[in-house]
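Visitor: I would like to learn how to read the inside of a fold. Where do we start?

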Amino acid sequence: MSSKWARALSALPVAGVLGLAAYDLTQKRHAILRNFPVVGHARYLLEAVGPELRQYIVSGNDEERPFSRNQRRWIYSSAKLQNNYFGFGADNDTEFSQGYPIIKHRTFSDISPATAQQSGAGDIVPAAKVLGGHRERRGAFRPSSVVNVSAMSFGSLSAAAIEAINRGAAAAGCLHNTGEGGLSPHHQHGADLTLQIGTSYFGCRDDDGRFDIARLKDLVAAHPVKSIEIKLSQGAKPGLGGLLPGAKVTPEIAKIRGIPVGTDCASPSRHSEFDSVDSMLDWVEMIADETGVPVGIKSAVGNMDFWSELVDLMSTTERGVDFVTIDGGEGGTGAAPLLFSESVALPFRVGFARVYEQFARSGVADHVTFIGSGKLGLPDNAVVAFALGCDMVNVAREVMMSIGCVQAQKCHTDKCPTGVATQDKWLAHGLDPMNKADRATNYLRTLRRDLLKVSEACGVAHPGLITADDLDILYGHESATSLREVYGYESKWGVPNEFDTAEIISLMSGPATLR
(Lines give C-alpha, C1' and ligand atoms only; values in the text may rest on other atoms or scores of the structure.)
Protein backbone atom coordinates (compact mmCIF):
# COMPACT_ATOMS: atom_id res chain seq x y z
CA MET A 1 0.00 0.00 0.00
CA SER A 2 1.37 3.40 -0.94
CA SER A 3 2.22 5.92 1.73
CA LYS A 4 -0.47 8.20 0.30
CA TRP A 5 -3.22 5.67 0.97
CA ALA A 6 -1.75 4.85 4.36
CA ARG A 7 -1.88 8.51 5.39
CA ALA A 8 -5.47 8.78 4.11
CA LEU A 9 -6.60 5.75 6.11
CA SER A 10 -4.86 6.93 9.26
CA ALA A 11 -6.65 10.25 8.97
CA LEU A 12 -10.11 8.65 8.92
CA PRO A 13 -10.39 8.18 12.71
CA VAL A 14 -9.33 11.79 13.24
CA ALA A 15 -11.89 12.99 10.71
CA GLY A 16 -14.54 10.86 12.39
CA VAL A 17 -13.79 12.37 15.79
CA LEU A 18 -13.81 15.89 14.37
CA GLY A 19 -17.11 15.22 12.61
CA LEU A 20 -18.65 13.90 15.82
CA ALA A 21 -17.35 16.90 17.74
CA ALA A 22 -18.87 19.28 15.18
CA TYR A 23 -22.20 17.50 15.46
CA ASP A 24 -22.13 17.53 19.26
CA LEU A 25 -21.34 21.26 19.38
CA THR A 26 -24.22 22.17 17.06
CA GLN A 27 -26.96 19.84 18.32
CA LYS A 28 -29.29 21.15 21.05
CA ARG A 29 -30.89 18.02 22.50
CA HIS A 30 -28.14 17.03 24.94
CA ALA A 31 -26.46 19.68 27.08
CA ILE A 32 -23.68 17.31 28.17
CA LEU A 33 -22.64 16.59 24.60
CA ARG A 34 -22.78 20.27 23.65
CA ASN A 35 -20.58 21.21 26.58
CA PHE A 36 -18.31 18.17 26.40
CA PRO A 37 -18.21 17.01 22.77
CA VAL A 38 -17.03 13.47 22.07
CA VAL A 39 -16.03 12.60 25.66
CA GLY A 40 -19.60 13.22 26.80
CA HIS A 41 -20.64 10.01 25.04
CA ALA A 42 -18.74 8.07 27.70
CA ARG A 43 -21.37 9.18 30.20
CA TYR A 44 -24.17 7.64 28.15
CA LEU A 45 -22.16 4.47 27.61
CA LEU A 46 -21.60 4.03 31.34
CA GLU A 47 -25.27 4.76 32.00
CA ALA A 48 -26.26 2.05 29.50
CA VAL A 49 -24.07 -0.63 31.11
CA GLY A 50 -24.56 0.64 34.67
CA PRO A 51 -27.06 -2.07 35.71
CA GLU A 52 -24.69 -4.79 34.53
CA LEU A 53 -21.73 -3.20 36.30
CA ARG A 54 -23.67 -2.95 39.55
CA GLN A 55 -25.05 -6.46 39.18
CA TYR A 56 -21.77 -8.26 38.60
CA ILE A 57 -19.08 -6.00 40.06
CA VAL A 58 -20.27 -3.32 42.47
CA SER A 59 -23.21 -4.69 44.49
CA GLY A 60 -22.80 -6.94 47.50
CA ASN A 61 -24.49 -10.30 47.92
CA ASP A 62 -27.56 -8.84 49.62
CA GLU A 63 -27.80 -5.39 48.05
CA GLU A 64 -29.53 -6.08 44.74
CA ARG A 65 -33.26 -5.74 44.30
CA PRO A 66 -35.75 -7.17 43.76
CA PHE A 67 -33.70 -10.36 44.23
CA SER A 68 -30.27 -10.34 45.85
CA ARG A 69 -27.26 -12.14 44.43
CA ASN A 70 -27.50 -14.80 47.13
CA GLN A 71 -31.17 -15.41 46.35
CA ARG A 72 -30.52 -15.70 42.64
CA ARG A 73 -27.55 -17.97 43.24
CA TRP A 74 -29.76 -20.31 45.29
CA ILE A 75 -32.34 -20.43 42.49
CA TYR A 76 -29.76 -20.98 39.74
CA SER A 77 -27.94 -23.68 41.69
CA SER A 78 -31.17 -25.45 42.57
CA ALA A 79 -32.33 -25.37 38.96
CA LYS A 80 -29.06 -26.90 37.77
CA LEU A 81 -28.91 -29.45 40.62
CA GLN A 82 -25.63 -27.92 41.70
CA ASN A 83 -24.47 -27.27 45.25
CA ASN A 84 -26.98 -24.73 46.63
CA TYR A 85 -25.44 -24.60 50.08
CA PHE A 86 -23.62 -21.54 51.44
CA GLY A 87 -20.42 -21.57 53.45
CA PHE A 88 -19.00 -19.73 56.45
CA GLY A 89 -22.34 -18.64 57.89
CA ALA A 90 -25.06 -16.07 57.30
CA ASP A 91 -24.11 -12.77 55.70
CA ASN A 92 -27.53 -11.22 56.23
CA ASP A 93 -27.50 -8.37 58.72
CA THR A 94 -29.72 -10.13 61.25
CA GLU A 95 -28.21 -8.22 64.17
CA PHE A 96 -29.53 -4.87 63.02
CA SER A 97 -32.29 -5.65 60.47
CA GLN A 98 -35.86 -4.64 61.23
CA GLY A 99 -38.61 -7.17 60.50
CA TYR A 100 -36.30 -10.15 59.86
CA PRO A 101 -38.15 -13.50 60.24
CA ILE A 102 -36.59 -16.25 62.36
CA ILE A 103 -37.97 -19.81 62.26
CA LYS A 104 -37.99 -21.46 65.67
CA HIS A 105 -36.96 -25.12 65.43
CA ARG A 106 -37.97 -27.71 68.00
CA THR A 107 -35.62 -30.12 69.75
CA PHE A 108 -38.08 -33.02 69.96
CA SER A 109 -41.06 -33.91 67.81
CA ASP A 110 -43.44 -36.73 66.98
CA ILE A 111 -42.52 -36.29 63.31
CA SER A 112 -39.68 -38.56 62.24
CA PRO A 113 -37.38 -37.71 59.33
CA ALA A 114 -38.66 -38.93 55.96
CA THR A 115 -36.11 -41.21 54.31
CA ALA A 116 -37.27 -40.33 50.81
CA GLN A 117 -37.05 -36.65 51.63
CA GLN A 118 -33.50 -36.89 52.89
CA SER A 119 -32.39 -38.83 49.82
CA GLY A 120 -34.04 -36.27 47.54
CA ALA A 121 -36.58 -38.71 46.11
CA GLY A 122 -39.71 -37.64 47.98
CA ASP A 123 -40.86 -34.09 47.40
CA ILE A 124 -44.56 -34.43 46.59
CA VAL A 125 -46.35 -32.10 48.98
CA PRO A 126 -50.11 -31.92 48.33
CA ALA A 127 -52.27 -29.07 49.56
CA ALA A 128 -53.93 -29.47 52.95
CA LYS A 129 -57.34 -28.40 51.58
CA VAL A 130 -59.44 -29.74 48.72
CA LEU A 131 -59.88 -26.91 46.22
CA GLY A 132 -63.61 -26.39 45.74
CA GLY A 133 -64.42 -29.04 48.35
CA HIS A 134 -66.47 -26.88 50.69
CA ARG A 135 -68.83 -25.75 47.93
CA GLU A 136 -68.89 -29.25 46.43
CA ARG A 137 -67.86 -28.19 42.94
CA ARG A 138 -68.06 -31.02 40.41
CA GLY A 139 -64.39 -30.60 39.63
CA ALA A 140 -63.16 -30.21 43.21
CA PHE A 141 -59.67 -31.65 43.70
CA ARG A 142 -56.71 -31.69 46.04
CA PRO A 143 -53.76 -29.94 44.32
CA SER A 144 -50.79 -32.28 44.27
CA SER A 145 -48.34 -29.47 45.05
CA VAL A 146 -48.30 -26.61 47.55
CA VAL A 147 -45.97 -24.78 45.14
CA ASN A 148 -47.41 -23.82 41.75
CA VAL A 149 -46.63 -21.48 38.86
CA SER A 150 -48.15 -18.01 39.03
CA ALA A 151 -49.88 -16.10 36.24
CA MET A 152 -47.54 -15.15 33.38
CA SER A 153 -49.08 -14.60 29.97
CA PHE A 154 -47.83 -15.67 26.59
CA GLY A 155 -46.95 -12.24 25.26
CA SER A 156 -45.25 -11.04 28.37
CA LEU A 157 -43.14 -14.22 28.14
CA SER A 158 -41.87 -15.84 24.96
CA ALA A 159 -43.33 -19.00 23.49
CA ALA A 160 -40.16 -20.90 24.41
CA ALA A 161 -40.34 -19.70 28.02
CA ILE A 162 -44.01 -20.64 28.40
CA GLU A 163 -43.34 -24.09 26.95
CA ALA A 164 -40.35 -24.64 29.22
CA ILE A 165 -42.29 -23.62 32.32
CA ASN A 166 -45.29 -25.74 31.33
CA ARG A 167 -43.16 -28.83 30.76
CA GLY A 168 -41.31 -28.18 34.00
CA ALA A 169 -44.54 -27.75 35.95
CA ALA A 170 -45.92 -30.96 34.47
CA ALA A 171 -42.87 -32.96 35.55
CA ALA A 172 -43.03 -31.43 39.04
CA GLY A 173 -46.79 -32.02 39.38
CA CYS A 174 -47.57 -28.30 39.65
CA LEU A 175 -50.46 -26.22 38.36
CA HIS A 176 -49.55 -23.67 35.68
CA ASN A 177 -51.53 -20.40 35.65
CA THR A 178 -52.05 -19.14 32.08
CA GLY A 179 -52.09 -15.45 32.94
CA GLU A 180 -54.74 -13.13 31.57
CA GLY A 181 -53.37 -13.33 28.00
CA GLY A 182 -55.31 -16.51 27.31
CA LEU A 183 -54.60 -20.20 26.86
CA SER A 184 -52.05 -20.54 24.06
CA PRO A 185 -50.64 -23.64 22.31
CA HIS A 186 -47.49 -23.13 24.37
CA HIS A 187 -49.45 -23.86 27.57
CA GLN A 188 -50.31 -27.32 26.28
CA HIS A 189 -47.30 -29.48 27.10
CA GLY A 190 -48.60 -31.59 29.94
CA ALA A 191 -49.25 -29.40 33.00
CA ASP A 192 -52.68 -28.99 34.57
CA LEU A 193 -53.83 -25.39 34.20
CA THR A 194 -55.41 -22.59 36.15
CA LEU A 195 -57.12 -20.42 33.56
CA GLN A 196 -56.94 -16.75 34.48
CA ILE A 197 -59.68 -14.43 33.27
CA GLY A 198 -58.75 -10.76 33.19
CA THR A 199 -60.74 -7.67 32.36
CA SER A 200 -60.34 -8.17 28.60
CA TYR A 201 -61.60 -11.79 28.73
CA PHE A 202 -58.94 -13.02 26.30
CA GLY A 203 -59.74 -16.50 25.03
CA CYS A 204 -63.34 -16.41 26.22
CA ARG A 205 -64.81 -13.32 24.57
CA ASP A 206 -66.91 -12.72 21.48
CA ASP A 207 -65.98 -10.72 18.40
CA ASP A 208 -66.99 -7.50 20.17
CA GLY A 209 -64.73 -8.18 23.15
CA ARG A 210 -67.50 -9.17 25.56
CA PHE A 211 -67.35 -12.21 27.82
CA ASP A 212 -68.75 -15.36 26.18
CA ILE A 213 -69.64 -18.25 28.53
CA ALA A 214 -69.99 -20.68 25.62
CA ARG A 215 -66.40 -20.06 24.53
CA LEU A 216 -65.21 -20.45 28.12
CA LYS A 217 -66.99 -23.79 28.46
CA ASP A 218 -65.47 -25.01 25.20
CA LEU A 219 -62.01 -23.89 26.35
CA VAL A 220 -62.31 -25.67 29.70
CA ALA A 221 -63.70 -28.83 28.13
CA ALA A 222 -60.92 -29.06 25.54
CA HIS A 223 -57.94 -28.52 27.87
CA PRO A 224 -56.70 -29.66 31.30
CA VAL A 225 -58.16 -26.62 33.08
CA LYS A 226 -58.51 -27.54 36.75
CA SER A 227 -59.56 -24.14 38.11
CA ILE A 228 -60.44 -20.62 37.01
CA GLU A 229 -58.95 -17.47 38.56
CA ILE A 230 -60.68 -14.13 38.08
CA LYS A 231 -58.04 -11.42 38.14
CA LEU A 232 -59.25 -8.32 39.95
CA SER A 233 -55.84 -6.70 40.39
CA GLN A 234 -52.12 -7.47 40.45
CA GLY A 235 -49.63 -6.50 43.12
CA ALA A 236 -47.18 -4.80 40.78
CA LYS A 237 -49.84 -2.67 39.11
CA PRO A 238 -52.98 -2.64 41.30
CA GLY A 239 -55.86 -0.57 40.00
CA LEU A 240 -54.60 -0.95 36.43
CA GLY A 241 -55.38 -3.49 33.75
CA GLY A 242 -52.67 -5.59 32.16
CA LEU A 243 -50.31 -3.88 29.72
CA LEU A 244 -48.53 -5.59 26.84
CA PRO A 245 -46.30 -3.14 24.92
CA GLY A 246 -46.95 -3.01 21.18
CA ALA A 247 -43.43 -4.29 20.46
CA LYS A 248 -44.51 -7.64 21.92
CA VAL A 249 -47.82 -7.93 20.06
CA THR A 250 -46.87 -10.35 17.29
CA PRO A 251 -49.36 -11.74 14.74
CA GLU A 252 -49.67 -14.94 16.81
CA ILE A 253 -50.43 -13.04 20.01
CA ALA A 254 -52.80 -10.71 18.19
CA LYS A 255 -54.73 -13.73 16.90
CA ILE A 256 -54.95 -15.36 20.34
CA ARG A 257 -56.10 -12.15 22.01
CA GLY A 258 -58.14 -10.69 19.17
CA ILE A 259 -56.23 -7.39 19.03
CA PRO A 260 -54.28 -5.41 16.38
CA VAL A 261 -50.67 -6.35 15.64
CA GLY A 262 -47.98 -4.03 17.01
CA THR A 263 -50.36 -1.93 19.12
CA ASP A 264 -50.13 -1.50 22.90
CA CYS A 265 -52.60 -3.88 24.55
CA ALA A 266 -53.98 -2.13 27.62
CA SER A 267 -56.74 -4.01 29.43
CA PRO A 268 -59.45 -2.08 31.31
CA SER A 269 -58.84 -1.48 34.99
CA ARG A 270 -62.13 -3.11 36.02
CA HIS A 271 -64.45 -5.86 34.85
CA SER A 272 -67.49 -5.11 32.72
CA GLU A 273 -69.38 -8.27 33.76
CA PHE A 274 -69.91 -7.15 37.37
CA ASP A 275 -69.74 -3.90 39.31
CA SER A 276 -70.10 -4.97 42.94
CA VAL A 277 -69.21 -7.83 45.27
CA ASP A 278 -72.78 -9.07 45.07
CA SER A 279 -72.83 -9.22 41.26
CA MET A 280 -69.31 -10.69 41.25
CA LEU A 281 -70.44 -13.61 43.39
CA ASP A 282 -73.38 -14.21 41.05
CA TRP A 283 -70.90 -14.35 38.17
CA VAL A 284 -68.55 -16.67 40.10
CA GLU A 285 -71.38 -19.09 40.85
CA MET A 286 -72.56 -19.01 37.24
CA ILE A 287 -69.08 -19.85 35.93
CA ALA A 288 -68.58 -22.60 38.51
CA ASP A 289 -71.97 -24.11 37.68
CA GLU A 290 -71.42 -23.97 33.93
CA THR A 291 -67.84 -25.28 33.89
CA GLY A 292 -67.82 -27.43 37.02
CA VAL A 293 -64.36 -26.31 38.13
CA PRO A 294 -63.45 -24.33 41.26
CA VAL A 295 -63.45 -20.56 40.75
CA GLY A 296 -61.46 -18.02 42.74
CA ILE A 297 -60.19 -14.46 42.64
CA LYS A 298 -56.77 -12.84 42.56
CA SER A 299 -56.21 -9.42 44.04
CA ALA A 300 -53.71 -7.10 45.61
CA VAL A 301 -54.78 -5.52 48.92
CA GLY A 302 -55.61 -1.86 49.31
CA ASN A 303 -58.93 -0.54 50.61
CA MET A 304 -60.52 -3.18 52.84
CA ASP A 305 -64.19 -2.41 52.06
CA PHE A 306 -64.22 -5.01 49.28
CA TRP A 307 -62.97 -7.75 51.58
CA SER A 308 -65.39 -6.86 54.37
CA GLU A 309 -68.33 -7.08 52.00
CA LEU A 310 -67.06 -10.30 50.42
CA VAL A 311 -66.72 -12.00 53.81
CA ASP A 312 -70.12 -10.70 54.91
CA LEU A 313 -71.87 -12.11 51.83
CA MET A 314 -70.03 -15.43 52.07
CA SER A 315 -71.11 -15.66 55.71
CA THR A 316 -74.78 -14.92 55.07
CA THR A 317 -75.49 -16.38 51.62
CA GLU A 318 -74.85 -19.65 49.78
CA ARG A 319 -72.46 -17.99 47.35
CA GLY A 320 -68.69 -17.75 47.57
CA VAL A 321 -65.30 -18.07 45.93
CA ASP A 322 -63.39 -21.33 46.21
CA PHE A 323 -59.97 -19.74 46.55
CA VAL A 324 -58.40 -16.36 47.15
CA THR A 325 -55.00 -15.47 45.70
CA ILE A 326 -53.41 -12.52 47.49
CA ASP A 327 -50.67 -10.76 45.54
CA GLY A 328 -48.20 -8.56 47.39
CA GLY A 329 -47.22 -5.10 46.22
CA GLU A 330 -43.66 -6.43 45.83
CA GLY A 331 -44.82 -8.81 43.10
CA GLY A 332 -43.47 -8.73 39.56
CA THR A 333 -44.78 -7.62 36.19
CA GLY A 334 -43.69 -7.29 32.60
CA ALA A 335 -44.55 -3.58 32.45
CA ALA A 336 -46.02 -1.07 34.90
CA PRO A 337 -45.78 2.62 35.80
CA LEU A 338 -43.14 3.23 38.48
CA LEU A 339 -45.65 4.84 40.84
CA PHE A 340 -47.88 1.77 40.84
CA SER A 341 -45.14 -0.83 41.16
CA GLU A 342 -43.44 1.08 43.98
CA SER A 343 -46.21 2.72 45.98
CA VAL A 344 -49.65 1.16 45.39
CA ALA A 345 -50.93 -1.96 47.25
CA LEU A 346 -49.76 -3.40 50.55
CA PRO A 347 -46.77 -5.74 50.82
CA PHE A 348 -47.77 -9.40 50.96
CA ARG A 349 -47.41 -10.03 54.69
CA VAL A 350 -49.42 -6.99 55.74
CA GLY A 351 -52.06 -7.37 53.04
CA PHE A 352 -52.55 -11.10 53.47
CA ALA A 353 -52.79 -10.86 57.27
CA ARG A 354 -55.52 -8.21 57.00
CA VAL A 355 -57.55 -10.29 54.55
CA TYR A 356 -57.11 -13.54 56.47
CA GLU A 357 -58.26 -11.82 59.67
CA GLN A 358 -61.55 -10.87 58.00
CA PHE A 359 -62.23 -14.48 56.97
CA ALA A 360 -61.08 -15.94 60.29
CA ARG A 361 -63.19 -13.64 62.47
CA SER A 362 -66.27 -14.48 60.40
CA GLY A 363 -65.64 -18.22 60.62
CA VAL A 364 -65.30 -18.80 56.87
CA ALA A 365 -61.52 -19.20 56.58
CA ASP A 366 -61.95 -22.98 56.34
CA HIS A 367 -64.30 -22.52 53.37
CA VAL A 368 -61.56 -21.03 51.21
CA THR A 369 -58.16 -22.11 49.91
CA PHE A 370 -55.67 -19.28 50.43
CA ILE A 371 -52.90 -18.80 47.88
CA GLY A 372 -50.05 -16.33 48.27
CA SER A 373 -47.88 -14.69 45.63
CA GLY A 374 -45.23 -11.98 45.51
CA LYS A 375 -41.59 -13.10 46.06
CA LEU A 376 -42.76 -16.30 47.77
CA GLY A 377 -40.55 -18.56 45.65
CA LEU A 378 -37.80 -18.20 48.26
CA PRO A 379 -38.07 -20.71 51.14
CA ASP A 380 -37.95 -18.18 53.98
CA ASN A 381 -40.66 -16.01 52.47
CA ALA A 382 -42.78 -19.08 51.71
CA VAL A 383 -42.54 -20.28 55.32
CA VAL A 384 -43.88 -16.94 56.57
CA ALA A 385 -46.74 -17.19 54.07
CA PHE A 386 -47.72 -20.66 55.29
CA ALA A 387 -47.50 -19.55 58.92
CA LEU A 388 -49.87 -16.67 58.15
CA GLY A 389 -52.45 -19.04 56.67
CA CYS A 390 -51.55 -19.75 53.04
CA ASP A 391 -52.45 -23.20 51.80
CA MET A 392 -50.34 -22.83 48.64
CA VAL A 393 -47.87 -20.38 47.13
CA ASN A 394 -47.49 -19.30 43.50
CA VAL A 395 -44.08 -18.46 42.02
CA ALA A 396 -43.34 -16.36 38.95
CA ARG A 397 -40.03 -14.49 38.70
CA GLU A 398 -38.25 -17.28 40.58
CA VAL A 399 -39.30 -19.89 38.02
CA MET A 400 -38.30 -17.41 35.29
CA MET A 401 -34.83 -17.33 36.82
CA SER A 402 -34.73 -21.11 36.88
CA ILE A 403 -35.05 -21.11 33.06
CA GLY A 404 -32.45 -18.40 32.52
CA CYS A 405 -33.70 -14.93 33.58
CA VAL A 406 -30.76 -12.84 34.87
CA GLN A 407 -32.82 -9.98 36.33
CA ALA A 408 -31.82 -7.66 33.49
CA GLN A 409 -35.09 -5.78 34.12
CA LYS A 410 -35.70 -5.20 30.41
CA CYS A 411 -39.05 -7.03 30.28
CA HIS A 412 -40.88 -3.90 29.13
CA THR A 413 -38.48 -3.24 26.24
CA ASP A 414 -38.80 -6.58 24.39
CA LYS A 415 -35.00 -6.87 24.69
CA CYS A 416 -34.70 -9.58 27.33
CA PRO A 417 -31.17 -10.93 26.72
CA THR A 418 -32.03 -14.50 27.72
CA GLY A 419 -35.15 -14.89 25.59
CA VAL A 420 -37.53 -15.25 28.55
CA ALA A 421 -39.55 -12.03 28.47
CA THR A 422 -39.45 -11.09 24.80
CA GLN A 423 -41.10 -11.75 21.46
CA ASP A 424 -37.89 -11.07 19.54
CA LYS A 425 -37.32 -14.26 17.57
CA TRP A 426 -33.54 -13.99 17.65
CA LEU A 427 -33.40 -13.50 21.41
CA ALA A 428 -36.03 -16.18 22.09
CA HIS A 429 -34.25 -18.76 19.95
CA GLY A 430 -31.46 -18.92 22.54
CA LEU A 431 -33.83 -20.50 25.07
CA ASP A 432 -34.14 -24.26 24.54
CA PRO A 433 -37.50 -25.33 26.06
CA MET A 434 -36.52 -28.95 26.66
CA ASN A 435 -33.31 -28.10 28.51
CA LYS A 436 -34.88 -25.31 30.52
CA ALA A 437 -37.92 -27.44 31.40
CA ASP A 438 -35.66 -29.72 33.43
CA ARG A 439 -34.31 -26.71 35.30
CA ALA A 440 -37.79 -25.46 36.12
CA THR A 441 -38.65 -28.91 37.46
CA ASN A 442 -35.49 -29.02 39.56
CA TYR A 443 -36.19 -25.61 41.08
CA LEU A 444 -39.84 -26.40 41.92
CA ARG A 445 -38.92 -29.72 43.51
CA THR A 446 -36.05 -28.18 45.47
CA LEU A 447 -38.30 -25.48 46.89
CA ARG A 448 -40.80 -28.11 48.01
CA ARG A 449 -38.02 -30.22 49.50
CA ASP A 450 -36.70 -27.25 51.49
CA LEU A 451 -40.21 -26.55 52.76
CA LEU A 452 -40.43 -30.17 53.93
CA LYS A 453 -37.09 -29.86 55.68
CA VAL A 454 -38.08 -26.74 57.57
CA SER A 455 -41.46 -28.28 58.44
CA GLU A 456 -39.61 -31.18 60.03
CA ALA A 457 -37.39 -28.72 61.92
CA CYS A 458 -40.57 -27.10 63.29
CA GLY A 459 -41.89 -30.51 64.30
CA VAL A 460 -44.78 -30.74 61.85
CA ALA A 461 -45.51 -32.97 58.86
CA HIS A 462 -46.49 -30.31 56.32
CA PRO A 463 -45.70 -26.64 55.59
CA GLY A 464 -49.36 -25.72 56.08
CA LEU A 465 -49.11 -26.86 59.71
CA ILE A 466 -46.39 -24.33 60.59
CA THR A 467 -48.03 -21.84 62.92
CA ALA A 468 -47.59 -18.15 63.60
CA ASP A 469 -45.99 -19.17 66.91
CA ASP A 470 -43.20 -20.96 65.05
CA LEU A 471 -41.69 -17.71 63.81
CA ASP A 472 -40.37 -14.58 65.47
CA ILE A 473 -39.86 -11.21 63.84
CA LEU A 474 -36.58 -9.58 64.85
CA TYR A 475 -36.07 -5.90 65.50
CA GLY A 476 -32.30 -5.98 65.52
CA HIS A 477 -30.86 -6.74 68.96
CA GLU A 478 -33.78 -5.01 70.63
CA SER A 479 -36.52 -7.66 70.57
CA ALA A 480 -38.02 -10.72 68.91
CA THR A 481 -41.81 -10.81 68.67
CA SER A 482 -43.82 -13.84 67.56
CA LEU A 483 -45.47 -13.62 64.17
CA ARG A 484 -48.81 -14.20 65.90
CA GLU A 485 -48.37 -11.13 68.08
CA VAL A 486 -47.06 -8.95 65.24
CA TYR A 487 -50.18 -9.53 63.13
CA GLY A 488 -52.68 -10.00 65.96
CA TYR A 489 -53.55 -13.61 65.13
CA GLU A 490 -55.73 -15.55 67.54
CA SER A 491 -55.24 -19.16 68.59
CA LYS A 492 -55.70 -21.67 65.72
CA TRP A 493 -55.59 -18.98 63.07
CA GLY A 494 -53.35 -19.71 60.11
CA VAL A 495 -53.66 -23.51 60.14
CA PRO A 496 -56.24 -25.89 58.63
CA ASN A 497 -59.11 -27.21 60.74
CA GLU A 498 -58.81 -30.50 62.61
CA PHE A 499 -60.30 -32.59 59.80
CA ASP A 500 -58.01 -31.16 57.10
CA THR A 501 -55.03 -31.44 59.46
CA ALA A 502 -55.69 -35.12 60.10
CA GLU A 503 -56.12 -35.75 56.38
CA ILE A 504 -52.85 -34.13 55.37
CA ILE A 505 -50.89 -35.79 58.19
CA SER A 506 -52.25 -39.13 56.98
CA LEU A 507 -51.20 -38.37 53.41
CA MET A 508 -47.75 -37.21 54.42
CA SER A 509 -47.15 -40.29 56.58
CA GLY A 510 -48.11 -42.64 53.76
CA PRO A 511 -45.79 -44.32 51.23
CA ALA A 512 -42.74 -42.39 50.06
CA THR A 513 -44.39 -41.78 46.71
CA LEU A 514 -46.92 -39.54 48.43
CA ARG A 515 -44.25 -37.43 50.09
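**Reading the core and the sheet**

Guide: Start with I228. Leaving aside its neighbours within four places in sequence, I228 is in contact (heavy atoms within 4.5 Å) with L195, I197, L216, V220, I287, T291, V293, P294, V295, G296 and F323. A second, separate core of 7 residues includes L131, F141, L175 and I371. This is a predicted model, where local features need pLDDT of at least 70, side-chain atom pairs count only at pLDDT 80 or more, and totals for chains, interfaces and linings use all residues. Residues are numbered from 1 along each chain as its sequence is written, and side-chain values use heavy atoms, with hydrogens and water left out.

Visitor: Which residues touch the most other members of the largest nonpolar core?

Guide: First the term. A nonpolar core is a set of buried Ala, Val, Leu, Ile, Met, Phe, Trp, Tyr and Cys residues joined through side-chain atoms within 4.5 Å. Buried means under 20% relative accessible area, exposed over 50%, partly exposed in between (1.4 Å probe, protein chains only). Here the largest core has 117 residues, and I228, W307 and F359 touch the most other members. Of the 515 residues of the protein chain, 51% count as buried.

Visitor: Is strand β9 covered on one face or both?

Guide: In a regular strand the side chains alternate between the two faces of the sheet. Both faces of β9 are covered. F323, T325 and D327 lie on one side, V324 and I326 on the other, and all are buried. The strand spans residues 323-327. Strands here are DSSP runs (E, at least two residues), and helices are runs of H or I, at least four; both are numbered from the N terminus.

Visitor: In which sense does β9 pair with β8 and with β10?

Guide: Two strands pair if DSSP finds at least two bridges between them. β8 (residues 295-299) pairs with β9 in the parallel sense over 4 bridges. In that pairing, G296 stands opposite F323. The chain crosses from β8 through helix α10 (residues 305-316) to β9, a right-handed β-α-β crossover. Right-handed means that, with the strands pointing away from the viewer, the path from the first strand over the helix to the second runs clockwise. β10 (residues 369-373) also pairs with β9 in the parallel sense, over 5 bridges. There V324 stands opposite F370.

Visitor: How many disulfides does the structure hold?

Guide: A disulfide is a covalent bond between the sulfur atoms of two cysteines. The cut-off is a pair of cysteine sulfur atoms within 2.5 Å. The structure holds 0. C204 counts as buried because its relative accessibility is 2%. C458 counts as buried at 0%.
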